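Here is a report for a reader meeting this protein for the opening time. Look at the sequence and the model, then read on.

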Amino acid sequence: MSSPEAGPPSSPTTATDRRTTVLDSALATFARFGYRKTSMEEVARAAHISRPGLYFLFSSKEALFRAAVTQALERDIAAVEHVLADAGRPLAQRLLEAFDRWAGRYVGPLTQDVAVVVEDNPDLLGEIAQTAPRRFEELITGAIAVESGHETATPVAQTMISVSIGLKHQGASREFYLERLKAAIELLVR
């Protein structure tokens, strides 16, 4: 029999939600201060968890960073898969929304720090730094191939990705990014 002070055991959903919250807070903290200047104490404070509690979940800052970025990339890929699977919408609309989910939300003064901290620390990320962008390209290529044919899908997808990268670094706002990307998509996909 457990003591009345112990409270109910943590459910798997609660533990998963807590981990997700900690990882979201960690990514925001890394984006704000950069990887090198971020301390586990700052992440714990942002996540409303004790520092020992944070170390219980993640053995090191590197492990925390890798987990936070992995969660964000996996979430982005899942969103892209969902958008592209909606065959009831025109391809150009689906592509624009897919790029917005993948890169557009990281454009602009308040959000580009997330992309910068990820791009500046590829060695810390391991395999996910290569597999997520490769998966994104496969998804874009696949969607184009279904509508436009396999022979042009790969170069068109790669061109769109190159345009997106250029616009992401050139654009001051998400609106600018989406407006210009929409024009590029309309030129490339007919």
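Start with one arginine. Arg18 is partly exposed, because its relative accessible area is 31%, between the limits of 20% and 50%. Arg18 is found in helix H1, which covers residues 12–33. This is a predicted model.

**Arg18 and its contacts**

Leaving aside residues up to four places away in sequence, Arg18 touches Ala47, His48 and Ile49. One of these, Ile49, is 31 residues from Arg18 in sequence. In space, the C-alpha atoms of Arg18 and Ile49 are 9.6 Å apart.

His48 deserves a look of its own. The residue sits in the loop between helix H2 (40–47) and helix H3 (51–57). His48 counts as exposed, because its relative accessibility is 70%, and exposed means over 50%. Its phi is positive, about 55 degrees, although His48 is not a glycine. Most residues other than glycine have a negative phi.

Helix H1 also holds Thr21. Thr21 is partly exposed, with a relative accessible area of 38%. Thr21 and Ala68 are 47 residues apart along the chain. Their C-alpha atoms are separated by 9.9 Å.

**The overall picture**

How many helices and strands are there in the protein? There are 10 helices and 0 strands. Read along the sequence, the pattern is α-α-α-α-α-α-α-α-α-α. The protein has 190 residues, and buried residues make up 41% of them. Take the contacts with a separation of 6 or more: 66% of them join residues 24 or more positions apart.

**A threonine in a loop**

Thr38 lies in the loop between H1 and H2. Is Thr38 buried or exposed? Thr38 is buried, because its relative accessible area is 3%, and buried means under 20%. Its side chain reaches the backbone oxygen of Thr29 at 3.4 Å. Thr38 touches Thr29, Phe30, Phe33, Val43 and Lys61, again not counting residues up to four places away in sequence.

**Aromatic pairs**

The structure holds 5 aromatic pairs. Among them are the Phe30 and Tyr35 pair and the Phe99 and Phe136 pair. A pair of aromatic rings is described by the distance of the centres and the angle of the planes.

| Pair | Centre distance | Plane angle | Kind |
|---|---|---|---|
| Phe30 and Tyr35 | 5.7 Å | 20 degrees | stacked |
| Phe99 and Phe136 | 5.1 Å | 85 degrees | edge-to-face |

Why is the pair of Phe30 and Tyr35 stacked? Their planes are at 20 degrees, and planes under 30 degrees apart count as stacked, so the pair is stacked. Phe30 counts as buried at 0% relative accessibility. Tyr35 is buried too, with a relative accessible area of 13%. Ring pairs link Phe30, Tyr35 and Phe65 into a cluster.

The rings of Phe99 and Phe136 have their planes at 85 degrees, and over 60 counts as edge-to-face, so this pair is edge-to-face. Phe99 lies in helix H5, while Phe136 lies in helix H8 (residues 128–148). The pair therefore ties together parts that are 37 residues apart in sequence. Phe99 counts as buried at 0% relative accessibility. Phe136 is buried, with a relative accessible area of 2%.

**Where H5 meets H10**

Phe99 also takes part in the contact of H5 with H10. Two packed helices are described by the angle between their axes and the distance between the axes. The axes of H5 (residues 91–102) and H10 (residues 174–188) come within 10 Å. They cross at roughly 145 degrees. The crossing is right-handed.

Which residues in H5 and H10 meet? From H5 come Ala92, Leu95, Leu96, Phe99 and Asp100. From H10 come Arg174, Tyr177, Leu178, Leu181, Lys182 and Ile185. These residues divide into 8 nonpolar, no polar and 3 charged.

**A buried aspartate**

Asp76 lies in helix H4 (residues 61–84). Asp76 is buried, because its relative accessible area is 2%, under the limit of 20%. What joins the side chains of Asp76 and Tyr106? A polar contact of 2.9 Å does. Not counting residues up to four places away in sequence, Asp76 touches Arg101, Trp102, Arg105 and Tyr106.

Technical notes
Residues numbered from 1 in each chain as written. Predicted model: local features only at pLDDT ≥ 70, side-chain atom pairs only at ≥ 80, totals over all residues. Heavy atoms only, no water. Axes fitted to C-alpha atoms, helices over the stretch in contact; angles between N-to-C directions. Helix = DSSP H or I, 4+ residues; strand = E, 2+ residues; numbered from the N terminus. Left-handed = near helix turned anticlockwise from the far one by under 90°. Contact = heavy atoms within 4.5 Å. Nonpolar A, V, L, I, M, F, W, Y, C, P; charged D, E, K, R; others polar. Buried < 20%, exposed > 50% of the residue type's maximum accessible area, 1.4 Å probe, protein only. Polar contact = N/O pair within 3.5 Å; in protein donor to acceptor, adjacent residues only side chain to side chain. Phe/Tyr/Trp six-rings, centres within 6.5 Å; stacked < 30°, edge-to-face > 60°.
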